[in-house]
Amino acid sequence: MDSFQITAKKVVTLVMVIDKEQRKILLGYKKRGFGAHLWNGFGGKVEPGETVKDGAIRELKEEAGITVKPELIQKAGVLLFFFEHDPVGLECHVYKAYEYEGQIQECDEMRPQWFDIADIPYDQMWEDDKIWLPTLLNEQDPFFGKMHFKRKPVEGGDAMATASTTSKLSTAVAAPVESMSPTPFGAAQPKNGPYAMFMHHVERNLPSAPKEASLDGSIASFES
Ligand SMILES: Nc1[nH]c(=O)nc2c1ncn2[C@H]1C[C@H](O)[C@@H](COP(=O)(O)OP(=O)(O)OP(=O)(O)O)O1
């Protein structure tokens, strides 16, 4: 486990927008950067001077064009990601929102699209999402998760999606969104990104949401 020891962490956010009535979830296709070519919630680094929640709201606006009021966005959990031989872990604060304002819009980083909750493209998402996203959707939050990743070998068919993945995506149910562009599939794409999940542990139904994780992988404090 020494190869997973971290000495620092980066705080990032992830927002899941859910339409309870229609049983749909808004995901974004990441066009570039960390996690490129995967579907995910909206989020990114928290900037100096802003709260984690404010960072989550800002990233949602930047990446999906929509606004959520601070009182209508709820902390669903914290995930701590460890990457082998990387001394910096990711502390990812996951939020959920059932209401939003504004028009959903694509940006240069993300292409938003609604998916039926029964048809979430887990095979084109970070591998850990299938572990904790059902927890959020089933309202078994707050949760705390620890996920350990190993880098996939560059060669080998396993690390690459095949044509069948492409066709699955094209059948995903989508509600109309302004200014959509086609997903640039065609060439081989990374399946679930360049990392393989090696180990995971999730605690569900916590009495309150974790606020911060310790470098040893435990919960340091809870939201008051
Ligand atoms: N294993 C994982 N599972 C997951 O579901 N989301 C992950 C993940 N690892 C990282 N993320 C998400 C969290 C966060 O929204 C984003 C990483 O934040 P980054 O700041 O690196 O991303 P960006 O390139 O979007 O940065 P910004 O420039 O801050 O927008 O990727």
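The following dialogue explains how to read several features of this predicted model.

Reader: How many helices and strands does the chain have, and in what pattern?

Author: Helices (H or I, at least four residues) and strands (E, at least two) are DSSP runs, numbered from the N terminus. Here the chain has 3 helices and 10 strands. Along the sequence the pattern reads β-β-β-α-β-β-β-α-β-α-β-β-β.

Reader: Which residues are closest to the ligand?

Author: A residue is near a molecule if one of its heavy atoms lies within 4 Å of it. The ligand is surrounded by 21 residues, and Thr13, Lys45, Glu109, Asp128 and Asp129 are the closest. Sorted by class, this shell has 9 nonpolar, 4 polar and 8 charged residues; Ala, Val, Leu, Ile, Met, Phe, Trp, Tyr, Cys and Pro count as nonpolar, Asp, Glu, Lys and Arg as charged, and the others, Gly among them, as polar.

Reader: Which polar atoms of the protein lie by the ligand, and at what distances?

Author: In the side chain of Glu109, an N or O atom is 2.7 Å from an oxygen atom of the ligand. Asn40 places a polar side-chain atom 2.9 Å from a ligand nitrogen atom, and Gly44 has a backbone N or O atom 3.4 Å from a ligand oxygen atom. On its own the ligand has 640 Å² of accessible area (Shrake-Rupley method, 1.4 Å probe), of which the protein covers 88%.

Reader: Which elements contribute to the shell around the ligand?

Author: Two or more residues each come from β1 (8–19), α1 (52–64), β5 (88–97) and α2 (129–137). The largest share, 4 residues, is that of β1.

Reader: Is Val12 buried or exposed?

Author: Buried means under 20% relative accessible area, exposed over 50%, and partly exposed in between, with a 1.4 Å probe and protein chains only. Val12, in strand β1, has a relative accessible area of 10% and is therefore buried. Of the 224 residues in the chain, 48% are buried.

Reader: How many residues of α2 are buried?

Author: Helix α2 is mostly covered, with 7 of its 9 residues buried. Among them are Asp129, Trp132 and Leu136. After α2 comes Glu139, with a positive phi near 55 degrees.

Reader: Where else do backbone angles deserve attention?

Author: Most residues other than glycine have a negative phi, and most peptide bonds are trans. His37, in the loop between β2 (24–30) and β3 (39–40), has a positive phi near 75 degrees. His37 is partly exposed, with a relative accessible area of 22%. His85, in the loop between β4 (73–83) and β5, has a positive phi of about 65 degrees, and counts as exposed at 64% relative accessibility. The peptide bond from Asp141 to Pro142 is cis, with omega near 0 degrees; Pro142 is in the loop between α2 and β7 (143–151).

Technical notes. Residues numbered from 1 in each chain as written. Predicted model: local features only at pLDDT ≥ 70, side-chain atom pairs only at ≥ 80, totals over all residues. Heavy atoms only, no water. Polar contact = N/O pair within 3.5 Å; in protein donor to acceptor, adjacent residues only side chain to side chain.
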